[in-house]
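Here are a few quick notes to read alongside the model. Have a look at the ligand site and the helices as you go.

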Amino acid sequence: MRFVPSTLKARIAILVSILALASALLASLAALQPMRHQMRTLVGNQQVALLASTGAALDQEIGAKQVLLRSIAENIAREARTGPAGLQLLLEQHPILRDEFDNVLAFDVTGRTVANLANRRGIGEQVARNNTAFQETLAMREGAVSPPYRNPLTGKPAIMLTEAVTGADGSVALVLGGGLSLVNAHFMGHFLSARPGPSAYFYLIDQHGTIIYHPQSARILHNVWREQGGVTEVTRRALGGFEGWTEGVTKEGQRALIAATHLRRTGWTLTLVYPVEEAFAPLREGERAAWLSTAAITLLAAALGLALIALFLAPLKLLHQRVEMLVAGTADIAVLDSARADEIGGLSRAFFALSRQRQQAEQRLALLSRTDTLTGLNNRRAFEAELPAAIARARRQGTGLALAFLDVDYFKQINDTHGHAVGDRVLCEFARRLRVTVRQVDTVARLAGDEFVIIFESVETEAAVAPIMDKLLAAIRVPFDCGAQCLTVTATVGVACAAGAIGPDTLLRVADEALYAAKAAGRDRWTLRQAAP
Ligand SMILES: Nc1nc2c(ncn2[C@@H]2O[C@H](COP(=O)(O)OP(=O)(O)OP(=O)(O)O)[C@@H](O)[C@H]2O)c(=O)[nH]1
């Protein structure tokens, strides 16, 4: 079923609400889209900056450890301590070594341990021969960083920093090795403290893809290329040299903001994984707040719009009420003559003009319905309305009134002799003479054919009536100019006088009787009868 609101106000209100909502939605989308992009870029760049500083700090830390190891190596070379006891003592005399390394060892050129800071019992064991860093230092006579390996003594993943101790002839006499456990918090402290969020994490892999550090410690020493499921797209790119941030999927299938950088000193790849949910949480919060404020503003705007619509349509409602009042007859059309300058004012004035036209037409019709079309005098209808009103006025004023009933003598003969048109002209002229002979206030009417009546207010005695009747009959006797010929016309009048209260029918009947009597007496005369209730 189709819902169509019945009122114009409801339709406009619904339309305005839909428009406000749609425009707010579009405006918000248009504003949020670039903002979302900028915010993501901002968050991504922030993570890159954080990663770069963490990488630099880690790089620096390895560098510092290398410097420390080198200074110890130089110390050994300077003091020419090559004997196991002297070396062990020297290492133990530097407590900083315990702070910076998990263990520091000295190896002879065969890889046999000649000093072991953490465990004297390990002295004499052959542990370094296969260590890549040991071999590199031996060959290059300079410090190196080993790939991650499993410590044969502790079984734990570790890396080793090595430094050459050169003898007087410049050849490598000993190799110092500083071991760092990869599950040791003091080496990875930077990673843990610098995390941008609780579910964010760093991981570190070497150039070959061997995992040096990962929060899932079981994955340390695994190679990402050979792990189950293979290498992720982002790691592949990072190992290929990519630095920066991107949005990708972790091995666990989680969408994350992933940033990668490379450590300058070791070439390792440091990666920051920051789950999208958490990384962009402030962005989502901001968007939620923006949507909420948009919704609030839209609601306010819609409410204001509705209030304004109600305000703007109020004059229309008023106009409707006024038209209904006019229909009910409880108001005058003047209420529609609005001074408003707007469309509603125009509509009201148009109604006013229409109503005025109708009123004037009604007035014309009313006048026509009360006028005798031939003579222009009042007709019988008007007379029948006017006589009771005149009687009532006379009663109110305590005066009497007279009613004259006139009949043209032998009018039928005029018609028959001169034609109906001449008869009409006689009637018109007769009426005119009656009109001009009596006072303005006296009511002259044609009842039918050649019968006329005149109501004389405040005239009640024969003395008052007589001069009027004489004057009337004299005026009628003046020959009528009817074009080709002049006609002598006379009239007979019956007058009824009433001094007090009288009924209109009685008054008319008495006047008719008086007329009858006058006719009987020979016409062209008047007779008066007093009417009594
Ligand atoms: N020309 C004309 N004649 C009319 C009109 N109305 C009525 N008549 C005629 O007026 C005549 C009136 O005749 P009667 O009532 O006999 O009156 P009368 O001839 O004057 O006779 P008395 O009244 O006895 O003198 C009739 O012949 C009507 O046809 C009208 O509007 N125009």
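1. I count a residue as near a molecule if its C-beta atom, placed from the backbone, lies within 6 Å of it. On that basis 14 residues surround the ligand, and Phe-411, Lys-412, His-420, Gly-423 and Gly-449 are the closest.

2. Some housekeeping: this is a predicted model, with local features needing pLDDT of at least 70 and side-chain atom pairs counting only at pLDDT 80 or more, while totals for chains, interfaces and linings use all residues. Numbering starts from 1 along each chain as its sequence is written.

3. Which elements build the shell around the ligand? Strand S12 (401-408), helix H11 (411-418) and helix H12 (420-437) each bring at least two residues, and H12 gives the most, with 4. Helices (H or I, at least four residues) and strands (E, at least two) are DSSP runs, numbered from the N terminus.

4. H11 and H12 also meet each other: their axes come within 6 Å and cross at roughly 135°. Axes here are lines fitted to C-alpha atoms, for helices over the stretch in contact, with angles from 0 to 180 degrees between N-to-C directions.

5. Helix H1 (residues 8-79) has 72 residues and reaches 104 Å from first C-alpha to last, close to the 106 Å expected at 1.5 Å a residue (the expected span is 1.5 Å times one less than the number of residues). After H1 comes Ala-80, with a positive phi near 50°.

6. Check Leu-32 too: H1 has a kink of about 25° there, shortly before the proline Pro-34. The bend is the angle between axes fitted to the seven residues ending at a residue and the seven starting there.
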